[in-house]
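Here is a short report on helix packing and charge pairing in one model. Please keep the view open while reading.

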Amino acid sequence: MAVPEALAGLTAIPGVGTAAQLSPGSGSPELLTVLPPLARLLPEGGLRRGSTIAVGGAMSLVLALLAAATRDGSWAAVTALPELGLAAAAELGVDLERLALVPHPGAELTGVLSALVDGFDLVVLGPVAVQPQLARRLAGRVRNRGTVLLTVGPWPGADLELRVSDRRWQGLTQDGYGHLRTREVVATSRGRGAAARPSSVRLQLPGPGGGIAGSEPPERRLAEVAG
């Protein structure tokens, strides 16, 4: 089924609208919520509608950013990510009932992306190269529609850049025994305006149970494994 036809079927469901129909003036929140451990990374504590956010270093962070918004009723779409793990998305809290997948947009990437921006609250774009001129045009569409665009990798002129670094697995004892339990990372955000000053937070990604959690200092008896 073509993307426009799929969107038409979706919006025919009672109570479901497109991102273009949502605006702060009609009661739609200007910010989409995020899980509490992620709020410090975002200048306003949530995902601002109409913004473009480039995420590097961990696909799990992209999925975690979708979790609270989809749980609260927003719709998300993912394109150009055929390797996306739905089990991992569910563990991180994404509501799969509100997630649409377009794994292989092919040569029609621009058209597919434009249609998704028109029809969903959040759109995730896989690691594809986009020319600056096209990026500016798509960013303008994102602003006009009130969508949040999350890109896996760099995006020319992104409003905010998030990056994960300093990955360390926890769970092994000093002699190399045990089980890997959690992965500690440092997530850093930097952008324009209020986000010009970098902000960093240490996270467990994944944390206990596969979700995301704020990180506590590791116990001394546990060994750290980089990677």
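Buried means under 20% relative accessible area, exposed over 50%, and partly exposed in between (1.4 Å probe, protein chains only). At 25% relative accessibility, Arg 145 therefore counts as partly exposed. Arg 141, at 28%, is also partly exposed.

This is a predicted model: local features need pLDDT of at least 70, side-chain atom pairs count only at pLDDT 80 or more, and totals for chains, interfaces and linings use all residues. Residues are numbered from 1 along each chain as its sequence is written, and side-chain values use heavy atoms, without hydrogens and water.

**Helix packing**

Helices (H or I, at least four residues) and strands (E, at least two) are DSSP runs, numbered from the N terminus. Helix H4 covers residues 109-119 and helix H5 residues 132-145. Their axes are 9 Å apart and meet at an angle of about 20°. Axes are lines fitted to C-alpha atoms, for helices over the stretch in contact; angles run from 0 to 180 degrees between N-to-C directions. H4 and H5 are therefore roughly parallel, a term for angles under 35 degrees.

Contact means heavy atoms within 4.5 Å. H4 brings Thr 110, Leu 113, Ser 114, Val 117 and Asp 118 to the contact. H5 brings Leu 134, Arg 137, Leu 138, Arg 141, Val 142 and Arg 145. These residues divide into 5 nonpolar, 2 polar and 4 charged. Ala, Val, Leu, Ile, Met, Phe, Trp, Tyr, Cys and Pro count as nonpolar, Asp, Glu, Lys and Arg as charged, and the others, Gly among them, as polar.

**Salt bridges**

A salt bridge is a side-chain nitrogen of Lys or Arg within 4 Å of a carboxyl oxygen of Asp or Glu. The structure holds 6 salt bridges. Among them are these:

| Pair | N to O distance |
|---|---|
| Arg 49 and Asp 121 | 3.3 Å |
| Asp 118 and Arg 141 | 2.8 Å |
| Asp 118 and Arg 145 | 2.7 Å |

Asp 118 lies in H4 and Arg 145 in H5, so the pair ties together parts 27 residues apart in sequence. Asp 118, Arg 141 and Arg 145 are linked in a network of salt bridges.

Where do Arg 49 and Asp 121 sit? Arg 49 is in the loop between strands S2 (47-48) and S3 (52-56). Asp 121 is in the loop between H4 and strand S6 (122-125), 72 residues apart from Arg 49. Both Arg 49 and Asp 121 are buried.

**Ser 74**

Ser 74 sits in the loop between helix H2 (59-71) and strand S4 (76-79). Ser 74 is buried, at 9% relative accessible area. Beyond its neighbours within four places in sequence, Ser 74 contacts Leu 32, Ala 69, Arg 98, Asp 121 and Leu 122.

Note on methods:
Angles under 35 degrees count as roughly parallel, over 145 as roughly antiparallel, 65 to 115 as roughly perpendicular and the rest as oblique.
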